[in-house]
Amino acid sequence: MSVRIDETDRKILGALQQDASQSLDEIAAKVGSSKTPVWNRIRKLREAGVIGQQTVVLDAEALGFEACFFVLIRTSEHEAEWQAAFLKALRERPEVQEAHRLAGDIDYILKVRVKNARAYDAFYQALISEVRVHNVTALLSMEEIKSTTMLPL
């Protein structure tokens with residue numbers, strides 16, 4: 001479903017990206033509108049698929065997830081059956097925060113958040129026991145410089 005997004009919609013989306021727990025009154029005040037039109041626009045944006053799942057952002061380190069690995073995967077397998085098993089394995093593992101299929105020399109990149117290197121090894125061993133991969137390179141993030149889910153509206 002295609003939806004036209006105007007400047008007021010962009011302001012509403014910006015406000016929601018900053019803090020989706022804001023009240024309709026707060027959002028309406030920020031965008032210079034009243035509550036009912038803002039609610040109708042939000043509903044329209046949800047129905048069009050512009051606004052997806054609403055959630056909270058947790059502090060990984062505060063919860064003990066101190067290690068973030070970027071895992072580069074090369075595979076020699078490209079059959080549908082292998083891909084289905086690989087995607088199933090990724091979706092079933094909560095450690096995988098992001099997974100992308102790439103163009104170029106690397107086939108996939110994963111963002112994996114775990115408590116420590118030992119937990120990463122357990123993740124790695126479980127993954128390779130389920131699906132064959134040609135080569136895996138794990139890169140430990142030393143420092144998170146920027147992380148956001150906000151789009152530049």
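Six bridges, written here as 6 bridges, join strand β1 to strand β4 (residues 135-140), and the two strands run antiparallel; strands are counted as paired if DSSP finds at least two bridges between them. The structure is a predicted model, in which local features need pLDDT of at least 70 and side-chain atom pairs count only at pLDDT 80 or more, whereas totals for chains, interfaces and linings use all residues. Residues are numbered from 1 along each chain as its sequence is written, and side-chain values use heavy atoms, with hydrogens and water left out. Helices (H or I, at least four residues) and strands (E, at least two) are DSSP runs numbered from the N terminus.

Strand β1 is mostly covered, with 6 of its 8 residues buried, where buried means under 20% relative accessible area, exposed means over 50%, and partly exposed lies in between (1.4 Å probe, protein chains only).

Helix α4 (residues 80-91) has 12 residues and reaches 16 Å from its first C-alpha to its last, close to the 16 Å expected at 1.5 Å a residue; the expected span is 1.5 Å times one less than the number of residues. Its buried residues are Trp82, Phe86, Ala89 and Leu90. Seen down the axis of α4, these buried residues fall within an arc of 100°, so they line one face of the helix, the arc being that of the directions from the helix axis to the C-beta atoms. Ala80, Glu81 and Arg91 are exposed on the other side of α4. The cover over the buried residues of α4 includes β1, β2 (96-101), β3 and α5 (117-130), with contact taken as heavy atoms within 4.5 Å.

For residues 5-66, an unreviewed UniProt entry lists "domain: HTH asnC-type"; UniProt positions are given in the numbering used here, feature names are shortened, and annotations may be inferred rather than shown by experiment. This span is 53% helix and 0% strand, and its end C-alpha atoms lie 39 Å apart.

Helix α1 (residues 7-18) has 12 residues and extends 17 Å from its first C-alpha to its last, close to the expected 16 Å. The buried residues of α1 are Asp9, Ile12, Leu13, Ala15 and Leu16. Viewed down the axis of α1, they fall within an arc of 160°, so they line one face of the helix, and they pack against α2 (24-31) and α3 (35-47). Glu7 and Gln18 are exposed on the other side of α1. Asp9, with a relative accessible area of 0%, is buried, and when residues up to four places away in sequence are not counted, Asp9 touches Arg4, Arg41, Lys44 and Leu45.

Helix α3 has 13 residues and reaches 18 Å between its first and last C-alpha, close to the 18 Å expected. Val38, Ile42 and Leu45 are buried in α3; they cover an arc of only 65° around the axis, which puts them on the same side of α3. The cover over the buried residues of α3 includes α1 and α2, whereas the face turned away from the buried side carries the exposed residues Thr36 and Glu47. Just after α3, Gly49 takes a positive phi of about 85°.
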